Every structure is written in C-alpha cells, then in structure tokens.
Amino acid sequence: MSACALTVRWAAASDVGRLRARNEDALRIVFAPPCAVLADGMGGHRGGDVAARLAVDVVAEHLAVAAGSADEEVCVLLGEAVAAANKVIFEHAQIDPGLAGMGATVVAVRLFGERMCCAHVGDSRLYLFRGGELELLTRDHTMLQELVDAGMITAEQARAAPFRGMLTRALGALPELDADVFCRPVHAGDVLLLCSDGLTDMLGDDEIAAVLSGGGDVDEWAAELVAFANARGGRDNITVVLAQAS
Ligand code: CA
C-alpha cells in the first residue's frame with residue numbers, strides 16, 4: 001500500500017471573482033489516500049460547469065483506489081484517472097448538443113510515502129513552496145508558453161499578453177489525451193498549491209510567495225490568496241487548494 005508517511009493539512013477556497021456570473025472551477029479533496037483535484041471548466045452555456053464537475057468527480061474516483069509505492073505505479077494511476085475524465089467529458093459533449101465544445105483543465109496531486117505525484121492538463125498549476133521559495137512545478141499547455149519556450153517572447157511579455165487563456169491541451173477536446181505526469185519528493189514543511197488561472201493571471205509568483213510567507217495557517221492563506229486576486233480585479237473564477245505536509 002501507498003500510505004502517506006507525512007501528515008497533510010488541507011485547505012481550499014473558490015470564488016466566482018468580480019466579473020463572472022458563475023463559478024466554473026471545481027475542486028475535490030480526498031483525505032485517505034491524500035489527494036486533491038482542481039478543474040477549470042470552459043465552453044458553452046452550461047458546459048464549463050459540467051466539464052469541471054465531471055473532471056473532479058472522475059479523477060477523484062480513480063485516485064481513491066489503492067496503488068503501490070513505486071513512482072511508476074502512482075504515475076500510471078494518475079495518467080489513467082485524467083484519461084478517464086477526458087473520455088467522459090468528450091463523450092458527454094458528443095451526446096448532448098447543449099454541452100458541445102465543453103472542456104476543462106485539470107491538476108491533480110496524490111501524496112504517498114514521502115513523495116507526491118502530479119498530473120495536469122491545461123493552465124491550472126501546481127506550485128511547491130519550500131524554505132521560503134515558490135517553485136512552479138507544472139508547465140502550462142498554452143500557446144503563450146510555447147512562444148516563451150521557443151524564445152519568441154519573454155515570460156514578462158507573456159504576463160501582459162491578451163491571449164493568455166489559449167490552451168494547446170484540454171480535457172474534452174479529443175477522444176484520447178495524455179496528461180503530463182511527474183513525481184517529486186515531499187518534505188515536512190512543504191506547501192503544495194493547486195490553483196486555477198484566475199489566481200495566476202491576477203498575481204505574480206512573488207506575490208503568491210509573500211502570502212505563503214506570512215503568518216497564519218493554510219486556511220488563512222487560501223482565503224488571503226482569493227481576496228488578493230479579487231482586490232486586483234478578480235477577472236476570472238479563482239480557486240486554490242493548499243496542502244501542508246508535516
Ligand atoms: Ca479560468
């Protein structure tokens with residue numbers, strides 16, 4: 001079995017933001033085995049809601065099963081979970097014309113032993129906050145990130161670009177999909193942050209790090225991050241999940 005050797009304290013906050021009528025982000029935390037899923041839905045009249053909810057439901061259901069303690073085994077489990085969510089969203093969108101074109105991003109983590117495994121698709125992110133430093137562990141599947149990687153624009157220019165949300169990969173677009181999956185060690189004191197782009201479009205990494213460096217606990221940090229993004233304009237739905245290991 002893949003029992004987690006660390007104690008994990010979870011917190012989450014999700015808010016519609018200041019401009020959108022509905023919150024099309026979704027999240028789910030499972031305490032045993034410790035895992036979390038966050039999805040950001042898009043498309044159509046009600047498609048975004050449905051896609052995000054399907055994503056977290058299907059991924060959480062898959063992650064709740066037992067896995068071994070080998071990285072490869074947990075990576076396979078996460079990859080299968082995301083592939084299954086993609087298939088369900090794609091099929092629903094084919095059957096129901098009201099849901100045509102719906103999709104979702106997803107980021108999921110599962111802790112096991114003294115490690116964690118992450119799977120993601122789209123521009124929802126996973127950060128690691130360790131020793132006062134914030135590190136982005138995922139790489140956005142966006143047009144913008146491809147331009148940055150190709151050296152055509154700088155990360156600074158990317159932050160101001162008008163087409164930040166253009167995804168190159170999303171759940172529900174194609175019948176088959178591969179998530180990016182990776183494992184990393186987790187140390188006592190580490191904080192993992194899963195978030196939708198409604199947070200990272202409003203706040204720079206330095207500002208997120210400043211919140212996590214402040215006094216308080218994960219519940220307060222989650223609320224502060226959402227309030228900070230709203231104070232900056234809250235242009236999109238804002239969702240954060242925090243996991244602190246000890
Ligand atoms: Ca969003």
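Q: Helices (DSSP runs of H or I, at least four residues) and strands (runs of E, at least two) are numbered from the N terminus. Which element gives the most to the lining of the largest pocket?
A: This is a predicted model, where local features need pLDDT of at least 70, side-chain atom pairs count only at 80 or more, and totals for chains, interfaces and linings use all residues. Residues are numbered from 1 along each chain as its sequence is written, and side-chain values use heavy atoms, without hydrogens and water. A pocket is an open set of points on a 1 Å grid over the protein atoms alone where a 1.4 Å probe fits, with protein on both sides within 12 Å along at least five of seven lines; lining residues have an atom within 4 Å of a point. With four lining residues, the top giver is α4.

Q: Which residues lie nearest the centre of the largest pocket?
A: This pocket holds about 520 Å³ of space, the volume filled by probe spheres set on grid points joined across faces, edges and corners. Its lining has 23 residues. Nearest the centre are R125, D140, Q145, A158 and R159.

Q: How many charged residues line the largest pocket?
A: Asp, Glu, Lys and Arg count as charged; Ala, Val, Leu, Ile, Met, Phe, Trp, Tyr, Cys and Pro as nonpolar; the others, Gly among them, as polar. The lining has seven nonpolar and five polar residues. Its charged residues number 11.

Q: Which element gives the largest share of the lining of the second largest pocket?
A: This pocket has a volume of about 310 Å³. Its 18 lining residues include R20, D40, G165, D197 and D236, the closest to its centre. The largest share, three residues, comes from β3.
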